[in-house]
Amino acid sequence: MKILHTSDWHLGQKFISRDREEEHRLALDWLLEVLVKEHVDLLLVAGDIFDIGNPSNSARSIYYNFLRKVLKTNCRHVVIVSGNHDSPQMLDAPAELLQLLDIHVVGSAQINPEVLVLKDKNGNAEIVVAAIPFLRDHELNRAIPRDSPLEYFPRIQEAIADYYRRAADAAAAYIELQVPLIATGHLFASGAFTSGKQDNIYQGNLENITADRFPEIFDYVALGHIHRAQAVAGINRIRYSGSLIPLSFSETKDDKSVTLVEFEGPNISAVREIPVPLWRRLKTIQGDLSYVQQRLLELNTTYQQQLTTWVDVLVDSDTNIPNLSGLLQDFTSGMNLDLLKVRLNVPHASLDEQVVSQMLDELEPLEVFKKKCESAGSPPENMDELIAAFRELEEGVNQAE
């Protein structure tokens with residue numbers, strides 16, 4: 001058996017108002033080529049297929065066209081689970097129809113974990129998948145008392161571990177088949193490294209679950225949510241595949257990949273990260289004005305054959321530079337570059353004089369909330385509880401939408 005593990009496509013993402021449809025189409029076309037070239041039997045997508053719960057029609061079209069094309073390959077099975085960015089209801093809506101095509105979609109977590117027995121054309125079981133999506137608070141807290149947030153989150157973490165224990169108990173019924181037993185997940189596992197700001201989904205402690213809480217009965221655990229490909233805490237059978245494309249300027253140094261896992265019976269015989277081509281460069285440049293201009297010229301020369309390079313510029317200066325953005329826009333006119341962010345860093349200026357600023361659409365909602373709390377004088381020791389309350393309100397809004 002060959003399994004291709006991928007996650008965090010974030011179809012429909014708006015990157016500082018720019019859409020990424022062209023990159024996503026190129027990435028998914030490449031993924032189809034890998035399915036064919038590597039003779040993949042099972043495609044696993046571990047959440048965050050879309051960037052928002054109500055994606056655009058064009059993002060949905062990219063998704064369904066990809067699934068249609070998968071049916072023309074020799075890949076026999078597809079398993080897709082939701083991430084925290086996805087709408088479980090939207091993913092679940094066509095699930096019964098897709099199941100007829102051996103495309104299994106699990107958007108909402110049920111009380112009893114869903115364990116799929118995938119069979120070959122002769123009806124013989126060839127792989128078992130505990131298809132566990134992102135576990136939302138309301139799916140976990142049915143029996144958890146609502147005490148203070150600081151007491152509530154450890155119980156959420158225990159509920160996540162318990163869900164995996166129960167999935168393992170259900171999968172154990174098939175251990176005699178001597179086929180791979182797989183689990184999926186979309187969360188922040190202890191020992192994972194991020195490239196930039198990726199908040200823990202449930203707050204509380206940094207991690208949602210430690211690596212040793214994934215039951216050993218699972219031969220492979222396919223995770224999503226962290227955008228950097230890696231084995232969790234050095235354990236080769238528990239892995240993040242990472243995102244298909246860089247999703248922020250903090251990810252520009254990551255090598256994007258998908259993970260190919262080969263089995264001989266229930267045993268892993270090989271794990272290989274297959275590098276994803278990079279169609280668009282995201283670059284951050286910091287230095288004085290002369291250095292920044294020189295680097296912009298170099299970028300334009302180096303990446304002429306790719307999609308327009310998106311650049312984040314931070315100019316260090318001892319004094320203010322009037323109309324810096326306009327100056328650099330004129331400088332790059334006609335180049336294969338798009339300056340998405342232009343900022344000026346005047347280290348010795350007073351706070352009022354600083355022109356270093358962030359556009360609101362560059363910030364996550366939680367960052368804005370934290371800044372408002374700080375400006376209102378909230379004591380640091382209250383921040384955990386304030387963040388917990390914010391997360392609860394945010395979850396309620398997302399469910400209402």
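User: At what angle do helix α7 and helix α8 pack, and how far apart are their axes?
Analyst: In this predicted model, helix α7, which covers residues 289-302, packs against helix α8, residues 324-331, at an angle of about 30°, and their axes are 11 Å apart. The crossing of these two helices is right-handed.

User: And which residues meet there?
Analyst: From α7, Leu-289, Gln-293, Leu-296 and Leu-297 take part, and they meet Leu-324, Leu-327, Leu-328 and Phe-331 from α8.

User: Switching topic, where is Asp-41 found?
Analyst: Asp-41 is in the loop that runs between α1 (21-37) and β4 (42-46).

User: Is Asp-41 buried or exposed?
Analyst: Asp-41 counts as buried because its relative accessible area is 13%, and the cut-off for buried is under 20%.

User: What does its side chain join up with?
Analyst: The side chains of Asp-41 and Arg-76 are joined by a polar contact of 2.7 Å. Leaving aside residues up to four places away in sequence, Asp-41 touches Met-1, Lys-2, Cys-75, Arg-76 and His-77.

User: One more: which strand holds Val-81, and what does this residue touch?
Analyst: Val-81 lies in strand β5, residues 77-81, and it is buried, with a relative accessibility of 0%. Beyond four places in sequence, the residues Val-81 touches include Val-45, Ile-49, Val-106, Ile-132 and Thr-184. The C-alpha atoms of Val-81 and Gly-185 are 8.0 Å apart, although 104 residues separate them along the chain.

How values were computed
Residues are numbered from 1 along each chain as its sequence is written. This is a predicted model: local features need pLDDT of at least 70, side-chain atom pairs count only at pLDDT 80 or more; totals for chains, interfaces and linings use all residues. Side-chain values use heavy atoms; hydrogens and water are left out. Axes are lines fitted to C-alpha atoms, for helices over the stretch in contact, and angles run from 0 to 180 degrees between N-to-C directions. Helices (H or I, at least four residues) and strands (E, at least two) are DSSP runs, numbered from the N terminus. A crossing is left-handed if the near helix is turned anticlockwise from the far one by less than a right angle, and right-handed if clockwise. Contact means heavy atoms within 4.5 Å. Buried means under 20% relative accessible area, exposed over 50%, partly exposed in between (1.4 Å probe, protein chains only). A polar contact is a pair of N or O atoms within 3.5 Å; within protein, one must be able to donate a hydrogen and the other to accept it, and residues adjacent in sequence count only if both atoms are side-chain atoms.
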